[in-house]
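I opened this model to look up its core, its helix packing and its side-chain pairs.

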Amino acid sequence: PRFVESTVDHRVRALCKEFSIDDQTCRTLNDALRTREEFDDDIQALHMVLQREVGKGKKPLEVLLMQIRAIKANRFPGKELLDKDIWAFLEKYNLDDRVLLRLIDTLNSRRATKKQDLKALDDRLSNAEQPTGLGLLVRLLEGLQETGRLPS
């Protein structure tokens, strides 16, 4: 434990302690996060994701291992999750990681109209039946990326 404390960032250590994560996984997370530019934002986003998923009954270790894989593959959205509008949309529609990344990529390519795009997507999805909701969202995002507007 002394070795871990001296080599693992205190913020990573605190996160691991809060969710009862073992030392080895804590070191793995720390190593993965060191490759990232937005360390503080990533820690905050990881905390939000862990709280959300553990609240749904998932095991903290499983959630964290999945997020570590995403970080290593450069697929962890990090600071984008701190955007309250994106987080609210994620929560409302219970987006999976794949659709969430697609949403973030699309919105980032259209920063000037991000708020309007999210509102328009929300308006369209709130009228859709849930089973087709995510498929519809993907089609809407494709339209936004290809033509710059929502398909009719």
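**Ground rules.** I am reading a predicted model, where local features need pLDDT of at least 70, side-chain atom pairs count only at pLDDT 80 or more, and totals for chains, interfaces and linings use all residues. Residues are numbered from 1 along each chain as its sequence is written, and side-chain values use heavy atoms, with hydrogens and water left out.

Helices here are DSSP runs (H or I, at least four residues), numbered from the N terminus.

I then checked Leu29 for contacts (heavy atoms within 4.5 Å). Leaving aside neighbours within four places in sequence, Leu29 is in contact with Val12, Leu15, Cys16, Leu46, Leu64, Ile68 and Ile71.

**Helix H2.** Which residues of H2 are buried? I find Val12, Leu15 and Cys16. They cover an arc of only 95° around the axis, so they sit on the same side of H2. The arc is taken from the directions from the helix axis to the C-beta atoms. His10 and Lys17 are exposed on the other side. Buried means under 20% relative accessible area, exposed over 50%, with a 1.4 Å probe and protein chains only. The cover over the buried residues includes H3 and H4. After H2 comes Ser20, with a positive phi near 55°.

**Asp9.** I placed Asp9 in the loop between H1 (2-7) and H2. Asp9 is buried at 18%. Its side chain makes a polar contact with that of Arg11 at 2.7 Å. For such a contact I need N or O atoms within 3.5 Å, one able to donate a hydrogen and the other to accept it; residues adjacent in sequence count only if both atoms are side-chain atoms. Beyond four places in sequence, Asp9 touches Asn30, Arg34 and Phe39.

**Rings.** I searched the whole structure for aromatic pairs and got 1. Phe89 and Tyr93 form it, tilted, 4.9 Å centre to centre with 50° between the planes. The cut-offs: centres of Phe, Tyr or Trp rings (six-membered for Trp) within 6.5 Å; planes under 30 degrees apart are stacked, over 60 edge-to-face, the rest tilted. Both residues lie in H6, 4 residues apart.

**Sulfurs.** I found 0 disulfides, counting cysteine sulfur atoms within 2.5 Å. Cys26 is buried at 2%.

How values were computed. Helix = DSSP H or I, 4+ residues; strand = E, 2+ residues; numbered from the N terminus.
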